[in-house]
Amino acid sequence: MDAKVDDAPHEPPALAMPSRPAKPLSALEVLKTIPDNSLGVFDDELYENLFVTRRYSLVTACFISDPAGVKQVLVDNFDNYPRVPTIRRLFEAEIGTGTLASEGETWRRHRRIATPAIDRRAVEPDGPALIRVAERRAKDLARRAAAGKPIDMERVAADMLARMLNHISTGGDDSALPMLRWLSTVPRKPRSIDMVPKPEWVSKFLVRRRLEDWKAEGDRKLRALIAERRDPDWKGGQDLLWRLAHARDRQTGEPLSPEETRDEAASIIAAGDATIRALTWIWYLLDLHPHVEARMHAELDEVLGDRKLTPEDVARVPYTKRVLDEVMRLYPPIPVIVRKAVKADVVCGRKVPRGAIVTVAPFIIHRHRQLWERPDVFDPDRFEDENRRKVARFAYIPFAAGPRVCPGASASTANLMFSIITLARQFRFRLATTGPITPFGGISLQPKGGLPMWVEKRK
Ligand code: HEM
């Protein structure tokens, strides 16, 4: 039975959380914990203080959650805070010079070319086709629901979004799907050795560019798709791979080389994977909060009735968008952003030594006790216009900020809204396990072991 819209519980349900140590972990404990769950190293003090400095053997770590400090690191003094080489290297084996793995002039060039290829204007014309993709997946889900077995919501989200990203990238060429699947495994899981400081040549040796067979097949496919689009006789559409293959740097007029185009395409496709996380956690949160689910269903039913969804409808369902914003507050798809200070700096009146590891973690910032009221409570109304104005600009950063802000933010928000609306109009999802759900933080934030749910038809 539907919950009533105003049935908000007095005692909000406890949400899935990684373990939160009461005291800071030692250097050894940090090294052991990171490969298991990077969020498990965040102790209680980090959610209480806006600037925390820690020493781990030879390394100084600064955890910065003060919105003014976040702005300084990600925007104002961004050149002083490149990505940490050990993390960058996790991506490098498979995406080479792509934006996710590069720095300096190479990164700037890639970024100037990549951003216009995936920004809002570039992807807007795909709207109707992306909605058709969502509707086809919903039909498939209805068939599976009839079988009466629970499904893994993470897989449903991954399948739907891979097909959407495939439409954006290749115009929907199904033979490209295994290539997308390969890139969704990038980067590989970090090992303890990846976290230990070491000379550059040792790091390089540990991550040589070497692909297993099935990955090498995906790589060949990606190169072939780009080569087809470079052919003057190409008769297909101007999809993302075409745009990358033909783009010119607006400063120099030069294109990326074929190898760099391949790397940038791989980088964009690999980065798109973060979207899956938001389209998984939302159903978990809605199941736990039936009054929010009921209000969202009521909005969708009232605005859309029985007619077909159009891209313009996204602006007509503000409550549904607030639900998505709140999902990404509590479970930010990229939970941690880590940088290394090139030179010493002073941030919010505190010293950041040269070489310090600087962590700006959406997972901490979005749940910080000094920045949010009732931070662990799911309440989409905190994003209602009036309330949103009270939130500091850099206290909510699911897509990061500054020159390295996510260039796929518009594309992923559109894909998420099309998917959420399409699924929520037709289905309700109920947790199919009584066991604990554990948020697992690798590069992205996922429920460990997936999210088993029952599918119920709404209409
Ligand atoms: C909900 C979905 C998404 C979220 C929350 C998200 C979030 C982020 C964040 C936080 C960063 C910065 C990471 C850092 O600097 O360490 C980032 C970078 C990036 N994202 Fe996204 N992303 C999402 C979807 C996408 C999609 C769909 C694409 C492409 C189609 C994409 C492409 C990229 C690229 C290429 C970068 C690297 C930018 C650079 O280093 O200059 N993202 N994303």
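This is a predicted model: local features need pLDDT of at least 70, side-chain atom pairs count only at pLDDT 80 or more; totals for chains, interfaces and linings use all residues.
1. Ligand shell. The ligand is surrounded by 23 residues. A271, G272, C406, G408 and S412 are the closest. By class, the shell holds 15 nonpolar, six polar and two charged residues.

2. Helices around the ligand. Four helices each give at least two residues to the shell: helix 4 (104-118), helix 13 (258-271), helix 14 (274-288) and helix 19 (409-426).

3. Helix 15 against helix 19. Helix 15 spans residues 290-304 and packs on helix 19 at an angle of about 95°. Their axes are 10 Å apart. The pair therefore counts as roughly perpendicular. Helix 15 makes the contact with M296, H297, L300 and L304. Helix 19 answers with I421, A424 and R425. Five of these contact residues are nonpolar, one is polar and one is charged.

4. Helix 2. This helix covers residues 67-76. Its buried residues are P67, G69, V70, Q72, V73 and L74.

5. Nonpolar core. The largest nonpolar core has 117 residues. Which of its members touch the most others? They are L161, I282, L324, V327 and V358. Leaving aside residues up to four places away in sequence, V327 touches A278, W281, I282 and L285. In soluble globular proteins, nonpolar side chains tend to be buried together.

Key: Residues are numbered from 1 along each chain as its sequence is written. A residue is near a molecule or strand if its C-beta atom, placed from the backbone, lies within 6 Å of it. Ala, Val, Leu, Ile, Met, Phe, Trp, Tyr, Cys and Pro count as nonpolar, Asp, Glu, Lys and Arg as charged, and the others, Gly among them, as polar. Axes are lines fitted to C-alpha atoms, for helices over the stretch in contact, and angles run from 0 to 180 degrees between N-to-C directions. Angles under 35 degrees count as roughly parallel, over 145 as roughly antiparallel, 65 to 115 as roughly perpendicular and the rest as oblique. Two residues are in contact if their C-beta atoms, placed from the backbone, lie within 7 Å. A residue is buried if 20 or more other C-beta atoms lie within 10 Å of its own, exposed if 12 or fewer, and partly exposed in between; C-beta atoms are placed from the backbone. A nonpolar core is a set of buried Ala, Val, Leu, Ile, Met, Phe, Trp, Tyr and Cys residues joined through C-beta atoms within 7 Å.
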